Amino acid sequence: MPALITGLFAEPWVLTLLKVIAVFAVVMPMVAYSVVAERRISAWIQDRIGPNRVGIPFTSIKLLGLGQPLADGLKALVKEDFTPAHVRKVFYWMAPAVAMVPSFVVLAVLPFGSMLGAQKMVIADLDVGILFTFGIVSLGVYGVVLAGYASNSKYPFLGGIRSTAQMISYEIAMGLAVVPVFMLAADPAWQAELIDKSTAWSKYIKDTGLLNLSNVIAYQHESILDWLMFKQPIAFAIFLIAIFAETNRLPFDLPESETELVAGYNTEYSSMSFALFFMGEYAAMIAGSALMVVLFCGGWTLPFGEFFNTPAQSLGQGLVHIGVFIAKIAMFLVLMIWIRWMLPRFRYDQLMNIGWKRFLPLSLANIIFTAIVLWVLHS
Amino acid sequence: MEGTLFNIFAGLTLLSALMVAANPFSRNPVTSAMFLVTTMISISGLFVLLGAYFLAAVQILVYAGAVMVLFLFVIMLLDLREAARRKLNLISLTMGIIAVGALFLVYKSSLESTYGEVPQQHEVAANTAQAEVNPTKLVGSTRALGQALFSKDNGFILPFEMVSILLLVAMVGVILLSRKEPR
């Protein structure tokens, strides 16, 4: 029997499957609890109390309302899933799934920890990690567009149209903002030096391509000043704001602005299919935050000495690194929720002006500036 | 494993490409556009099987993510009711299939005249083994691709820049043509 188990673990797909299940098992509760966090934080900001009653079912233990996701999920499941008569059925059923999937696929290439045993904590260690990420993020728009089109009514349609234009505009700025990050991080010189210097790091980043995301983490491990959010503040600012636009969060939630479009693209949806859109939004927030943590905030490293900033040698250290990564994501989630309840929505022309006339030139200028600085430093 | 995956992706590519042009169930332009998206994604799967990861990622990023979204945008804005009512034309369908078959025959005979006959499985395997000896030279490596495109000596810098300028000219032209009041 043990021979069978060790033989099974020697198969690469078994470990990959385990990692997929583990990531899913961590992200789904994160989605549920970011909804609770959203409701509680919004309540505090508006001087209300928020959902604090639901604890463990059938007992009087309240747990600060941490049982709320259970109640929400149950409600979504048992409500009637009403399909309006005028919708385009196939697309109507497809759209919620399409909205949900890309955010989870993005997580496949993000290194969420250092090592557990001999396993690198990333599901697919792609050499073109960053390009893959952007490719999948750009597919995220289909869920919203299809929902708007399939609903076959005016408000969802307007929401879908707005979302298309907005996401395409901000994807460009986002993609260009990341270029300077890789101009700094994708440098074979420091990589070779690091591989020579430290065996732990050499095991972690050896044979990875230069566009690989674990390289970006390795680049930032030394001190907090190496974090790319300090080295590339303009790129970080543009990227952060573009993530808000990509996830349709306030101040960029024009696709579902409730004062003009009822609820935008998900107006015609009810019960679980609405819940899928809702969860998709939070999953996209988690994926976006994870991307920001990896690219700009040092990933799973903390600049507090060996234990935190070298790939793990023991199981405990590996688990701590994963915990650090999740904590950093949680901080970004809180930031996004906080901003949502503090700022009013942009007007649509302002949104387009910011995207095309401010961010695009600014990110191009940032690329050229970084190139000049690197050129001066190297010559 | 790779053979199976190739068959799956190639089959998906062909099937969804057929559905773009001649979908018997729906003449809706949006359905066609969505099948074009699946075609693009399956093609990028084929690129992955060839080891061209960069091309695969860019295929999804540019075609599936940007170009097709704009297509959908335009289709939805124009609201092509008439195109949806149009029936599948049997004559043009058969003509299309004949044209594709003829192209396939031309391709096959040109392959045969170059290599003698269609390369067999073991020859392909031998070529792959040869390629594995020197993995850094693989086409898929992003660095190799970048150097091939941008190096001055034997690279493709001139054609690359010319294509870029062509695209720029097209873009400026579109902006000029779509101005409301002509100068």
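About 2,000 Å² is buried between chain B and chain A, and carbon and sulfur atoms give 82% of that area. This is a predicted model. Start with this contact between the chains, then turn to the one inside chain A.

Chain B puts 24 residues in contact with 24 residues of chain A. Salt bridges across this interface number 0. On the chain B side, three helices each supply at least two residues: H2 (29-49), H3 (53-78) and H7 (142-150). H3(B) gives the largest share, 16 residues. Sort the chain B side by class and you get 19 nonpolar, 4 polar and 1 charged residues.

Now look within chain A. Its domain assignment gives domain 1, residues 1-78, and domain 2, residues 79-378. In this contact, 23 residues come from domain 1 of chain A and 29 residues from domain 2 of chain A. The C-alpha centres of the two domains lie 21 Å apart.

How much area do domain 1 and domain 2 of chain A bury between them? The figure is about 2,200 Å², and 79% of it is on carbon and sulfur atoms. Three residues stand out on the domain 1 side: A:Lys19, A:Met30 and A:Glu38. Together they supply 28% of the area that domain 1 of chain A buries against domain 2 of chain A, more than any other three residues.

A:Glu38 also takes part in a salt bridge. Its side chain meets that of A:Arg340, at 3.6 Å from N to O.

Which elements of domain 1 of chain A give two or more residues to the side that touches domain 2? They are helix H2 (12-45) and helix H3 (68-78) of chain A. H2(A) provides the largest share, 18 residues. By class, this side of domain 1 of chain A divides into 16 nonpolar, 4 polar and 3 charged residues.

Definitions and conventions: Residues are numbered from 1 along each chain as its sequence is written. Chains are lettered from A and ligands numbered from 1 in the order in which they are written. This is a predicted model: local features need pLDDT of at least 70, side-chain atom pairs count only at pLDDT 80 or more; totals for chains, interfaces and linings use all residues. Side-chain values use heavy atoms; hydrogens and water are left out. Domain bounds come from an automatic or database domain assignment. Contact means heavy atoms within 4.5 Å. Buried area is the accessible area (1.4 Å probe) that two parts lose on being put together, summed over both. A salt bridge is a side-chain nitrogen of Lys or Arg within 4 Å of a carboxyl oxygen of Asp or Glu. Helices (H or I, at least four residues) and strands (E, at least two) are DSSP runs, numbered from the N terminus. Ala, Val, Leu, Ile, Met, Phe, Trp, Tyr, Cys and Pro count as nonpolar, Asp, Glu, Lys and Arg as charged, and the others, Gly among them, as polar.
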